Amino acid sequence: MLIYEYKLDGNKAQYAAIDEAIRIVQFIRNKCLRLWMDEHATKNDLQCYCAVLAKAFPFASSLNSQARQASADRAWFAIQRFYDNCKAKKPGKKGYPKFQKDNRSVEYKTTGWKLDPDGRHITFTDGCGIGRLRLTGTRDIETFPVKQIKRVRIIRRADGYYVQFAVQTERQIEHAPTGKQVGIDVGLKAFYTDSEGATVENPRHYRKAEKRLKRLQRRLSKKQKKSANRKKARQAVAKAHLKVQRQREDFARKAANTLVSSHDLIAFEDLQIRNMVKNRHLSKSIHDAGWGRFLLWVNSYAALHHIPVVAVSPQFTSQNCSTCGALVKKSLSVRTHICTSCGVVLDRDHNAALNILQKALSTIGHMGTDASLSA
C-alpha cells in the first residue's frame with residue numbers, strides 16, 4: 001500500500017466544511033465508543049449503529065455512509081487494541097479507549113469523492129459541502145487506476161489541510177548485494193555507531209529549535225484567552241512543533257534508507273525505549289533522537305529490499321569485550337572501552353556495535369535469512 005499526499009487549496013467556506021466533517025467523525029466515533037461501554041457492542045454492532053445515528057442526527061447524515069463506517073472502525077480499532085493488550089498481559093496500563101477531543105481527519109473509502117482525470121483536482125460529493133479542491137504536490141496520482149485507490153483521507157495540520165490517497169499496489173525494489181553485514185548501536189552522543197566504526201551525527205532537531213519554541217510559548221501564555229491573537233500565537237507554536245516533527249521524520253527515513261541499501265544484514269538492540277524515557281535526565285534527549293521511528297523505517301525498507309533485520313538482546317553489549325568476550329564493567333560516563341584481558345581499546349559504542357553484530361550472526365542460522373527477522 002502506497003500513500004500519496006497533497007496539500008489542499010480551497011477557500012474559507014470549504015475549509016469550514018472540512019472542519020464540520022471532522023467534527024462529525026469525532027461525534028460518531030465517540031457515540032460508538034459509548035455504545036460499546038454500555039452494551040459491550042461488537043464490531044458489526046458499531047457498523048450498524050452508524051445508520052441509526054444518521055437517522056437520529058440530521059447533521060451526521062450529511063457525511064458519506066462509508067466515511068461514517070470508517071469512523072466506527074476507528075472506535076473498534078481502539079477497542080481491539082485494548083483487548084489485545086489485556087490478552088497479552090501487557091505490563092502497566094492497557095490503553096482503555098477514551099473519548100476523542102481533538103480529531104483532525106476524516107476518511108473516505110471508495111465513494112464520496114471523485115478525482116479529476118488530470119489528477120490536479122478532487123471533488124467531495126457527500127452532503128458536507130466540501131466541493132472541488134485543487135491538489136498541490138508533485139506526485140502523479142493520476143497514473144493509478146481509480147479502482148486501486150482504497151482510501152482518501154483529509155487531514156488538518158497546523159499549516160493547512162492535506163489529502164492522502166492510499167493506493168493498493170506493490171512497490172518493487174531490486175536490492176544490489178554488497179556483501180556487508182552491520183550491527184548498529186544507537187546513542188545520544190552519535191545517532192548511531194556501526195560495527196565498522198562509522199558514526200552518524202545526532203541532528204538534535206528539538207534541541208536546536210528549543211529556544212524559539214520557548215519564545216513562542218511565552219508569547220502564547222501572555223495572550224488573552226479566546227482572543228484572535230491567542231489563536232494566532234497558538235498556531236505559530238503548532239507550526240514550529242510541526243517543523244521539528246517533519247525534520248525528525250525526514251532524517252529517520254533518509255538514514256534508514258541509506259543503511260538498508262548499503263548492507264545485506266542489519267542487527268540492532270531490541271531496546272525498550274518506553275522504559276528508557278522514564279529517566280527524567282535523559283527523556284528529552286531520547287525523544288529528540290527518535291530511535292523508534294528510525295528503527296521502524298529500517299524494518300520497512302529492509303522488507304522492501306528483502307534483507308534480514310535482527311533485533312538482539314541489549315544485555316551486556318556495552319560491557320563485554322568484542323574481541324575476547326571478557327566482562328569490563330563501566331558506567332555510562334565512560335566512553336572508551338579498555339579491555340583488561342586482551343588490551344584492546346575501542347570507542348564504547350563501536351565495541352557495542354561489534355557485539356550486536358556477533359549476537360545476530362550467532363542466532364541468524366536458527367532463524368533463517370529470507371525476510372525481516374526483527375522481534
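This is a predicted model: local features need pLDDT of at least 70, side-chain atom pairs count only at pLDDT 80 or more; totals for chains, interfaces and linings use all residues.
Reader: Start with the rings. How many aromatic pairs does a search of the whole structure find?

Author: The search gives 18 aromatic pairs. Take W36 and Y96 as one case. Their ring centres are 5.6 Å apart, with the planes at 45°.

Reader: Why is that pair called tilted?

Author: Planes under 30 degrees apart count as stacked, and over 60 as edge-to-face. The W36 and Y96 planes make 45°, so this pair is tilted.

Reader: Which parts does the W36 and Y96 pair tie together?

Author: Look up where each residue lies. W36 is in helix 1 (residues 12-39). Y96 is in the loop between helix 4 (65-87) and strand 2 (105-108). The pair therefore ties together parts that are 60 residues apart in sequence.

Reader: Is W36 buried or exposed?

Author: Buried means under 20% relative accessible area. W36 has 5%, so it counts as buried. Y96 has 45% and is partly exposed.

Reader: What about F82 and Y83?

Author: They form a tilted pair too: 6.2 Å centre to centre, 40° between the planes. F82 counts as buried at 14% relative accessibility. Y83, at 34%, is partly exposed.

Reader: Which residues do ring pairs link into a cluster?

Author: The cluster holds W36, W76, F82, Y83 and Y96.

Reader: Now charges over rings. Where does the charged end of R157 sit?

Author: For this feature, check the distance from the charged end to the ring centre. The charged end of R157 sits over the ring of Y162, 4.9 Å from its centre. R253 does likewise with W297, at 4.2 Å from the ring centre.

Reader: On to the sheet. What is the strand order?

Author: Read the strands across the sheet. The order is 2-6-7-1-5-4-3, in an open sheet of seven strands with antiparallel pairing.

Reader: Which strands stand at the edges?

Author: Strand 2 and strand 3 (113-115) do. Each has a single partner strand, so one side of each lacks a neighbour in the sheet. On average, neighbouring strands are turned by 30° against each other, direction ignored.

Reader: How many bridges join strand 4 and strand 5?

Author: Strand 4 (residues 121-124) and strand 5 (residues 131-136) pair over four bridges, in the antiparallel sense. For H121, the bridge partner in strand 5 is R134.

Reader: Which strands does helix 1 touch?

Author: Helix 1 packs on the sheet. It touches strand 1 (2-9), strand 2, strand 5, strand 6 (149-157) and strand 7 (160-167). The direction of helix 1 makes about 85° with that of strand 2.

Definitions and conventions. Residues are numbered from 1 along each chain as its sequence is written. Side-chain values use heavy atoms; hydrogens and water are left out. Rings of Phe, Tyr and Trp (its six-membered ring) pair if their centres lie within 6.5 Å; planes under 30 degrees apart count as stacked, over 60 as edge-to-face and the rest as tilted. Helices (H or I, at least four residues) and strands (E, at least two) are DSSP runs, numbered from the N terminus. Buried means under 20% relative accessible area, exposed over 50%, partly exposed in between (1.4 Å probe, protein chains only). A charge sits over a ring if NZ of Lys or CZ of Arg is within 6 Å of the ring centre and within 35 degrees of the ring normal. Two strands pair if DSSP finds at least two bridges between them. Axes are lines fitted to C-alpha atoms, for helices over the stretch in contact, and angles run from 0 to 180 degrees between N-to-C directions. Contact means heavy atoms within 4.5 Å.
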